[in-house]
Structure formats: C-alpha cells, structure tokens
Amino acid sequence: MPPKGPKAAPKGAPARKGGPPAAMIAKLKQHMEKQKEEEERLRREREEEEKRLREEERLAEEQRRFEEEERARERQRRKEEERLARKMGTKESRNDVLERMAAAGFIVPDVEKVREQQKKEREAPRPKQQKQKPTQKQEEDAADERAAKAGHESDEDSLDLPVEDDGEVTEPTESDAEVDEEDWEAMMERDDRREQRKINNERIRKRRAEMVEERLKAKEARKRAKEEERRAKEHVLESVTKLRSPICCVLGHVDTGKTSLLDRIRATNVQGGEAGGITQQIGATFFPRESIVEATADLNQKYQHQLNVPGLLVIDTPGHESFTNLRSRGSSLCDIAILVVDIMHGLEPQTRESIRLLREKKCPFIVALNKVDRLYDWVAHKDMDIEQTLSLQKPNVRDEFSTRLVQVKQELLAEGLNSELYYHNKEVRKVVSIVPTSAKTGEGICDLILLEVQLVQQFMEGKVTYKDDLQCTILEVKPTTGYGFTIDAILINGELHEGDNICLCGQNGPVFTQIRALLTPQPMKELRVRGEYIHHKTMKAAMGIKIAANELEYVIPGSHLLVVRPGDDKEAVAKEVMKDANSITDQLSPDGVGVTVQSSTLGSLEALLSFLNKMKIPVASASIGPLHKRHMINVLSMKRKSPRHAVVLAFDVEISDDARDIAKKNDIDMFEAKIIYHLFDMFTRYINEYEKREKDKARAIAVFPVQLTILDDAIHNTDPIILPVKVKCGQLHPGTPLAFMRGDTPHLIGRVMSLERDKKSITVGRVGCECSVKINSGESGMTFGRQFDKSDELFSLISRPSVNAIKLFKDELTEDDINLLATLIKVLKVPPR
C-alpha cells in the first residue's frame, strides 16, 4: 500500500501556513545526506578493492616474470651442459664402443697394431715384374682366343640372327701325310685336296666375317635404341626436376565434400574421423607423380598429356564461416585452387567468400561441381571420366544435370565469372572450367586431377619452376605427442635441413631456435592427422612438413620461416621476419577483464577470438594446449572482478581433473566442445541467460530517461497525485522517480505507480504519448498546486546506480533516449564512476 500522507491538524488548532512542516523538510534533507554519505562510502570501498586487486595482479605478474627468467636460465644451462657432454662424448665414443665389446666377451683386435701394419704394407715398395716376350705360338694362341671371344660375344649379342655355318670347322690346308714325290698322281690328288680345303676355309671365314659384321650392326642398333630411350627418360626427368610440385588449395562452403574428394584420391577416411564430420584445421597432402599418373592413366589415353610435375601438394581448408583466417592463409599459398560447389545447393556464403579471396590473391581456380551422384536416378560408374559417365545416364538425369549446371553458371555470372564445362571450354584463360565430380563414386576425379596438372604445366611453368631461395610459410601451431609444440609448414621453394638454425615470428618478438626434426606423414596421408611420421635429414620443395623445435608455442601462423646462416646479421633477420607480426595478445583485453579461451591449435584459437570480438566479449587469457590448474587461478580472480566473465571456453582440448575440481567448487561455468559451432551455441545461450538474469536484477534500480509536459490541472492534487501528461522525450515506465527543477536543485515528487490511456493501463509511454500518470508522493509530501504546477516540466530523477543499471537495457534505448540520458547526467551532476 502507498504510504499515508501527513495527518490533518486537530480541531481548534491554529491553521498552519502553506507548505510541508519544517521537521519533514529537515528529515528529507537528512535522508538525502545519509544517502550521499553511503554512496561515497561505497565508492571509496570500491576504489580500495580495485587498488588491492591491481596490487595483487602486479605482484603475480612480477612473480610470473621471475619464474620465466628462471626457466630460461635453466634451459640455457642445460643446453650448455648437453653441448659439452656431446663434445666430450665424441672424442671417447670409439674407445667406449671397443671397451663395451670387450666387456661383453667379444674378441677385440688390437686396432692400433692392425692400422700400423696396414700402413707399412701400403708404404713398402713393390718388386717390378719383367715382362717376357711371347713366342710365336703364344701369339697365335692369343689371336685364336681373341677371335673365339669375339665370336662368343657376337653370339651372345645376336641370338636373334640365323646361324647357318655354326657347325662347319676349318681344316689345316697342309694336313695330309707326306707322299712319294715320284708318284705324280698322288701328288696331284694331294694338291687338289689342299686347294679344295683352302677354298672351303676361305668360304667359311668369309661367312663368319659376315655374321660378325651383322651381329656388330645389330648390337649398334640396339645400343642406339637404348641410348635414345635413356635420353627420352632423362628429358622427362629433367623436365620433372626443374619443376617443383604445384600447390593446390581446396576451398568451398562447409559440407560440400572438400575432404571427401581428397579421401577418394588418397583412399583414406579423414572426413569420417573428424568431429561432426567437418574440417576444423588446415591440412596438407602430397600426391607423388606416380599416383597422379596412375589415377589419370585411362583418361590420358584419350588426351595424351605429358605429366612433368614431380607431384601435387594439396591444402585442405575448413568451410565453416568461423575459419576465414585459415581459408585466407591457404589461398595465399597456392598456385591454383579448386572451388568445390554442391550441385544441389549452388553457390553458398562461404563459396562467395572464397571467390573473393581468390580474386584478391589473383589465383586461378577450377570449379568442382560435386555430388552429381545425388541427382535423381543417377547410375554410378566407379572412377569413370565424367564425359563418358554422363553419356551413359538416362535422358531425365542428363536434363536435370543441365538444369542445375545452368543455375550454377548463372550464379557464377552474378559474381562476374564466365564458366563452362571443361571439355567444352575453348578459352581457358578467360572462362572458368567446371568439372562435375562425385567424391562418393569417384566419377570425374581423374578429369579434375588431369585438368589441374595440365593447366599448371601449360600456363604456370614459370611460377612452379624450382628455385633455391628458401620460401616457407607457417600453416599451424599445435602440440604433438612426443615432440612438444610443433609447426605445420608449407615449404614452397628451397631446402631445409635437420639442425638448421631458424628464425620465426613470435607473439612476443622473434623466435630463434634450431630444427630438431623434419617430419612428413606417410605417403598419400594427411599432415594434420596424427599417425606415424617419416623423419628426414633434408627436405626439398614443395612439401607439407611438420617441424619440431624448442620455443614454438607462440609462433604466429601465416608468417614466414627464415634460415639463419653463419655470419648473418640476426637483427636484420629478426626485423625481416617480424614484418608478419599479428599478435594474439593484441586481441586480448587491455585491462585484463574477460573470458578465458583454450584451444587445440592456434588457427582455431584465432577463429574463437574472432567470434568473441564480433560478440564484443573481452578476452583476458588465450592459449593452446590442455587446460590445467594454473589456468583456473586466473579465472578465480576474474570471478571477483567481473563474475560475468568468469567463464572458460575449451575447444578440442583435454581438461585436467584439478581444473575441473576448481571449476566445480567455485561454481565456474566451463564450456567444452569438439565442434566449434557447438561451442559458439553454448556460449551464446550462456550470455543470453546471464543478461536476462542481470536485467531482472537491475530492473528495480534502472531508471529510463524521460521528460514530461503537464497538459492540464491535476486530476488529484495530493497523494497519490494523478496528472495528465505528454511524453516530450524518452520513455515513461512504472517505477520511474519524477522530479522538477527549482533553480539548479531537483525536487523529487515520487515514483510512478501506473499509466492509463483511454481508461486502459499501459506499460510504457513513448514520445508523443498522452496519458494520465499516478504518482506516489507520500514520502516527499509534494502537492500539485503548491510546490509545482502545470507550468513545470517533469523528468526522471537519475543517480549513478540507476545509470549503471540502465546500461544493461541499451538494446531498449533509442538514440534520442541516450542523448536525453546524457543531458540529465550533466544537469543533475551525477558523479562519474
């Protein structure tokens, strides 16, 4: 019930003059002074609390810096000890091995003695052997052996030639026994026989010479053929070695089948192993030349393209709207791109964003019109080229395909791109080629690979020619089991070696470190998928690699990697590498008030920070890796400073039991998810619910700004005062304290009890609204016609607590309302925060 007004004077008492009694005015003044003193006391307590918290934070920061310096000195000391240990161990390693072998029971030779003996044998002069002059018989035998050997080699080299006289043997011409010289008939017969043997021997020798000559000619012909074949292979190898692997980036909207296309080529199931079946990290896969040749063998019999590239490096990017940073990073590295479009949906928001990115980078691309197998009545032909499989479809399927193709071409035309099916495209430089594909059945994938390689070789040979100058870009930073923090990088040109000293762009300045390991996934496997890695001593471009080294936690993705050679100016190298600086710390709240974010990779952390920035949610702490107890300490201090921001967002990371216990005991909200948009949804619901709760609490304190004009005399002059008013500016709500000015001093009338218009209650009166307002004036004792009249303008009486509370209702305030609030703050001299 509203408080009662002052009691009437008893009968017979002298009538008092107009206005409230002096005791009531004094009581009101005393009440207002006490209220001001209480507000001042609360303000001083808040200042002291803030000062104490800042001092605690400063001490904690000094302690943290001291601990970091101690750890850095400890790491340096360990490095120095390891270096000295390696230096001493190298000198004694050989003797240690022999000693261990001898201790194990092996018979170990006297190495020094054996080496001395070998040295003496090498230095001792060797006796000269005198060559004996061969006899005539030895020369004849050697000649026969050479001839036989030549004949044998000729036989081996010409097994395919006819051998007619291989069974005939020459005979000595004078091989008959001596005859009586007086028997002239016997002498004549002997001479005839000798002549016959001579002729036969000459025939046999001639035939043998011809056979040897034929065999030598055949050998020369085979040698020339082999040489030509070798030269052809060398020409292909030379063409391959002078080119590096082209880098291709796969872009498109979420769930269009980008990873599934690569899975079909790799014969893997990366997409099936990802949370929610969507890609949330950037990855890379190397396809060697042999795999490309095998995948396109059947189709290439038709086109007869020469494949000279040593392989193909494909970068797979996420399609979700939150990962714009990763799509931009992938598109800036590639030589050519594949834009994947779902034939059933056409161009979608992230498809258009990808087109914009490719235009900015001036990167040529092919459109893969995926999921053709979803056309009604489609008959699958596994791994067949798309032109052939389309010709085998029913007429109604071809008609639906043509309709959807025209729709996609019109949508591309709206983006300023002319397009055509690749086998009908005669102007490849001006018209975008469309390749229909199916990741499920493999149809059209051979067309996509062959077209991509052919376009690179035909128009971009200069760009993909191998260069010795190092060009390496960081894709991602993530912890890897067994290696600590590692970086995924794309080696575009040049070589990297295990043990190279490198310089990287870090969030807190340049990072100088040494490569501990150069790793690549197994052939035809995805770089981002955990598995067995192959170690390399040297790696040549172009390749997706994982680098293990120290102090990689704060390296900035998208920046370049530089090798520091002996004699290089480190300051100049650091200045060059820090040009890419785009620190995560720049996105953190400068006053240290905000939520805590934990992510598995730096790329997904960037996506989370971008989402929170759009929601205008400050971030106090952001890091990658598992969530531990030390991270929760910061959240506890945040609960005292700003309870709304005492929240943890954990994306795809492990949370320790200690961290969970602290969150449970202290009633800290912790949101964790494997899929990034699930995390977004959970946090959005939390913010909406929290703001609703805060609004409900603040509604009793909040005072909406309003300025009223009194239209006529009061309907009821005393408590409760009922006035006809018009809202001149702002909003009139029940519960609003109304006042009027006398000079520079505001005078409170009372709080609005209700509003009526046309004999109906209303909840709010906005600009131009004419209504009657009932005011509870019991506490102030104000009466219409005495302390104020219709010439006075009424306004809402605001204070610092009410101003702070009304900020929660900023979505309900118009620009005029905000301007009126600012005017009232100035006129009423409301103290600052």
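Just after helix H11, Gly416 takes a positive phi of about 85°; helices (H or I, at least four residues) and strands (E, at least two) are DSSP runs numbered from the N terminus. This is a predicted model, in which local features need pLDDT of at least 70, side-chain atom pairs count only at pLDDT 80 or more, and totals for chains, interfaces and linings use all residues. Residues are numbered from 1 along each chain as its sequence is written, and side-chain values use heavy atoms, with hydrogens and water left out.

**The whole protein**

- The protein's secondary structure comes to 19 helices and 27 strands.
- Of the 833 residues, 40% are buried, where buried means under 20% relative accessible area, exposed over 50%, and partly exposed in between (1.4 Å probe, protein chains only).
- Among contacts (heavy atoms within 4.5 Å) between residues at least 6 apart in sequence, 72% join residues at least 24 apart.

**Helix H11**

- Helix H11 covers residues 395-414, and its 20 residues reach 29 Å from first C-alpha to last, close to the 28 Å expected at 1.5 Å a residue; the expected span is 1.5 Å times one less than the number of residues.
- Val397, Phe401, Leu405, Val408, Glu411 and Leu412 are the buried residues in H11.
- Seen down the axis of H11, these buried residues fall within an arc of 120°, so they line one face of the helix; the arc is that of the directions from the helix axis to the C-beta atoms.
- As a reminder, an α-helix has 3.6 residues a turn, so residues three or four places apart point the same way.
- On the face of H11 turned away from the buried side, you will find the exposed residues Pro395, Thr403, Gln410, Leu413 and Ala414.
- The cover over the buried residues of H11 includes helices H9 (349-361) and H10 (386-391), along with strands S5 (365-370), S6 (419-421) and S7 (432-436).

**The cavity and the elements around it**

- The structure holds 1 cavity of 30 Å³ or more; on a 1 Å grid over the protein atoms alone, a cavity is a set of points where a 1.4 Å probe fits but cannot get out, and lining residues have an atom within 4 Å of a point.
- The largest cavity has a volume of about 120 Å³, a volume being the space filled by probe spheres set on the points, with grid points joined across faces, edges and corners.
- Of the 13 residues lining the largest cavity, Leu262, Ile265, Val314, Ile338 and Glu452 are the closest to its centre.
- Its lining divides into 12 nonpolar, no polar and 1 charged residues (Ala, Val, Leu, Ile, Met, Phe, Trp, Tyr, Cys and Pro count as nonpolar, Asp, Glu, Lys and Arg as charged, and the others, Gly among them, as polar).
- At least two lining residues come from each of strand S1 (247-252), helix H5 (258-266), strand S3 (311-316), strand S4 (336-342) and helix H12 (445-459).
- In H5, the buried residues Lys258, Thr259, Leu261, Leu262, Asp263 and Arg266 belong to a set that packs against S1, strand S2 (283-288), S3, S4, S5 and H12.
- Leu448 lies in H12 and counts as buried at 4% relative accessibility.
- Not counting residues up to four places away in sequence, Leu448 touches Ile338, Ile366, Ala368, Val435 and Thr437.

**Backbone details in loops**

- Lys371, in the loop between S5 and H10, has a positive phi near 65° and is buried at 16% relative accessibility.
- Asp758, in the loop between strand S24 (745-757) and strand S25 (760-762), has a positive phi near 55° and is exposed at 68% relative accessibility.
- The peptide bond from Asp719 to Pro720 is cis, with omega near -5°, and Pro720 is found in the loop between strand S21 (706-710) and strand S22 (721-730).

Note on methods. On a 1 Å grid over the protein atoms alone, a cavity is a set of points where a 1.4 Å probe fits but cannot get out, and a pocket is an open set with protein on both sides within 12 Å along at least five of seven lines; lining residues have an atom within 4 Å of a point.
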